[in-house]
Amino acid sequence: MPMNPAQARLIDQVLTNHAIGYTNSEMIGHHIFPRVPIPARGAKVIKFGKEGFRLRDTRRAPGASRRQVQFGFASDPVTVFQEALDASVPIEVQEEAARGPDIDILALSVNTVLDSFALSQEHHVSKIARDPASYSENSKEALTGTSLWTSASSDPEKDIDDAKDQIRGRIGRNPNLLTLSPKVFKALKRHPKIKEHFKYTSSKSVTEDMLATYFDIEKVIVGRAVELDAEASADADATDVWGNDAILSFSPQSGSSYLLPSFGYTYMLKGGTFVRKGWFDQDNDSWRAPVNQEWNAYLTGADAGFLFQAPAG
């Protein structure tokens, strides 16, 4: 539902623009489930079967009827989460409390809130993408023993090639993205066959770009974000959001339309990210600016993904 004029006047447009453009470089979920704007709550989730990915016979004989094509089909309405936190600036951290914090100080506080939102998105996308139930039986593999990528006897290149063929056989396109957890990335960069391949061509440690070349795939990304449960004790260790898995997928890396076939999408409500005008909270002597964001992530083309479960042991 659009805001009325009175509500719109309560929005800090400068900080809202800042919030819309903010990104956290540690998060990679928007690569595997690209973020796309939706016009309103209740928009339909567009899901894609094989027909959404395949090439079409577009030629038409003179006088012949036009063929019709439909890419994807409308599923259930999009249900968006509303995330809401207040950015807070205590008067102790500013020099002129009576005049309110300057835009840079408040923006830094807004960034902290946006980082919390970004981690929430990363966790949610990872949970979907790493769930074996998201995949058909032939689109996932749990490596064991000498097949593990930590074993010198394993052959990650063959494993990736076989998975690429599996996806291509289902959707008619090669996957373009390989998503790795840090543990899996370390196993691959240290693998004897991969190190041997680059021995005479580079003195650098094996990078994501080098792995992309090695596996002949457009992009390799590593999810380095960590999370700590809200109920965890003070001395608890954080865990990797992307666990110990590797995910091969076809996920568009350009464009902003949720009508393009993709393994998944993160739907962002248009106008659903905003920062309200700051106000002074006398209870804790802080300036506060409420920050809102509305979104949800959906698996839209399961055939466009392949899951390697714990390939690094």
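Author: The open sheet has five strands in the order β5-β15-β10-β6-β7, with mixed pairing; two strands count as paired if DSSP finds at least two bridges between them. Strands (E, at least two residues) and helices (H or I, at least four) are DSSP runs, numbered from the N terminus. β5 (140–142) and β7 (219–222) stand at the edges with a single partner strand each, so one side of each has no neighbour in the sheet. On average, neighbouring strands are turned by 15 degrees against each other, direction ignored.

This is a predicted model, in which local features need pLDDT of at least 70 and side-chain atom pairs count only at pLDDT 80 or more, while totals for chains, interfaces and linings use all residues. Residues are numbered from 1 along each chain as its sequence is written, and side-chain values use heavy atoms, with hydrogens and water left out.

Within the sheet, β10 and β15 pair in the antiparallel sense over four bridges. Leucine 248 stands opposite phenylalanine 306 of β15. Helix α5 lies across β6, β10 and β15, at about 150 degrees to β15. α6 also packs on the sheet, where it touches β6, β7 and β10, and its direction makes about 105 degrees with that of β6. Such angles run from 0 to 180 degrees between N-to-C directions, the axes being lines fitted to C-alpha atoms, for helices over the stretch in contact.

Helix α5 (residues 156–171) has 16 residues and spans 22 Å from its first C-alpha to its last, close to the expected 22 Å, which is 1.5 Å times one less than the number of residues. Its buried residues (under 20% relative accessible area, 1.4 Å probe, protein chains only) are Pro156, Asp159, Ile160, Ala163, Lys164, Ile167, Arg170 and Ile171. Viewed down the axis of α5, they fall within an arc of 135 degrees, so they line one face of the helix; the arc is taken from the directions from the helix axis to the C-beta atoms. Their cover includes β6 (177–180), α6 (182–189), α8 (208–215), β10 (246–249) and β15 (305–309), contact meaning heavy atoms within 4.5 Å. After α5 comes glycine 172, with a positive phi near 80 degrees.

Six of the eight residues of α8 are buried, so this helix is largely enclosed by the rest of the structure. Among the elements that cover its buried residues are α5, β6 and β7. Aspartate 216 follows α8, and its phi is positive, near 55 degrees.

Technical notes:
Buried < 20%, exposed > 50% of the residue type's maximum accessible area, 1.4 Å probe, protein only.
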